[in-house]
Amino acid sequence: MSLLLGACGGAPPTAVSSDRTGADASLGSPAAPRIAASRESSKPTPQAAAKRARPAVNCKKLKCIALTYDDGPSPKTTAKLIKILKKHKAKATFFQLGQLAKRHPKLVRKIHQMGSEVANHSWDHDSLNRKSVKGAHQDLKRASAAIEKGCRCRVRLMRPPYGATDKGVDKAAKKAGLAEILWDIDTLDWSSRNPGKIKRKVLRGAARNRIVLMHDIHRTTIAAQEDIIKGLKKRGYTLVTVSELLGKPKPGKRYPKSWR
C-alpha cells in the first residue's frame, strides 16, 4: 500500500561549499506514527475541486525568491520557523536529513501541510561524491523514504551535503528521481551565527528567481527570519518553494544554471 498521497509543493561556488551540518545527535527519537491509508471518493467535493483549480504561482510574472533551509528538522528551531512562515504566509523549502526526519515525522508533516516543500539532504550529511553511484543512490533512497513517510508526499528534490557534487552524484540523483538543487546566495549562517549579518547577506544578494541557502538548526538563523521575510516582501518579492520557482526541475539536473 502506497503512503504517497501527493507531490511535495542556491561567480559559481566551488564544488565543496560551506554548507555544514550541525545536526544535534542528542535530539530525541520518538517512534514514527503509524500512517493509516485513506480512501478518496470518486466524486471530489466542491472544496477539493476548487483547491485543485487554483492557479499555480507564476514566477515568470511575479518577482520570486526561494528561501531554503538545510540540516533539519529540529524540534528546537524548525518548529519556531514554521510559525514564522505561517504568520507571514510565506513558503520555503526544507532540505532534510533522513535520520532526523525519521525521528521527527510530525515536523515533516507540518511543513508539508502549510504549503512549504520538504526535500532530501542525504541520510546523515555524509559527502555523496565520496560514495559510489550505487552507494549515493542508496543513501538518497533511504533518506527519501524517511521524509516521505513523514509528509505522506513524494520528494522530488535533493541537495548534496557541502555542495559536494560530481557526475556520479548526478547519476545517483537521477536514478532516485531527484533534481539537484544548489544555491545562488550562501548566507554563511553556520559560520557567523549573527542575525544581522545573515539578514544583510540575504537582502543584499536578493534578485529575481534566486535560491537562498540557510540552516534551520541554528537559533541565530531563526532570529533573522522575521526581518528577512519583511525585507523581501517590502521589496516586492513573493516567497515560493524551489519547485514553484523552477517549474518542473528534471531529475539528475543541477540548478541553478551556474552549477552545471
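Which residues in H4 meet which residues in H5? Let's work up to that in two friendly exercises.

This is a predicted model, where local features need pLDDT of at least 70, side-chain atom pairs count only at pLDDT 80 or more, and totals for chains, interfaces and linings use all residues. Residues are numbered from 1 along each chain as its sequence is written, and side-chain values use heavy atoms, with hydrogens and water left out.

**Exercise 1.** Describe how H4 and H5 pack.

*Step 1.* Locate the helices (DSSP runs of H or I, at least four residues, numbered from the N terminus): H4 covers residues 105–113 and H5 residues 133–151.

*Step 2.* Their axes, lines fitted to C-alpha atoms over the stretch in contact, come within 7 Å and cross at roughly 70°. On a scale of 0 to 180 degrees between N-to-C directions, 65 to 115 counts as roughly perpendicular, and H4 and H5 are therefore roughly perpendicular to each other.

*Step 3.* List the contacts (heavy atoms within 4.5 Å): Pro105, Val108, Arg109 and His112 in H4 meet Ile147, Gly150 and Cys151 in H5.

**Exercise 2.** Find the disulfides (cysteine sulfur atoms within 2.5 Å) and give their handedness.

*Step 1.* Searching the whole structure gives two disulfides.

*Step 2.* Cys59 pairs with Cys64, S to S 2.2 Å. The torsion about their S-S bond is about -90°, so this disulfide is left-handed.

*Step 3.* Cys151 pairs with Cys153, the sulfur atoms being 2.0 Å apart. With -90° about the S-S bond, this link is left-handed.

*Step 4.* Check burial (under 20% relative accessible area, 1.4 Å probe, protein chains only): Cys59 and Cys64 are buried, and Cys151 and Cys153 are both buried.

Methods
Buried < 20%, exposed > 50% of the residue type's maximum accessible area, 1.4 Å probe, protein only. Helix = DSSP H or I, 4+ residues; strand = E, 2+ residues; numbered from the N terminus. Parallel < 35°, antiparallel > 145°, perpendicular 65-115°, else oblique.
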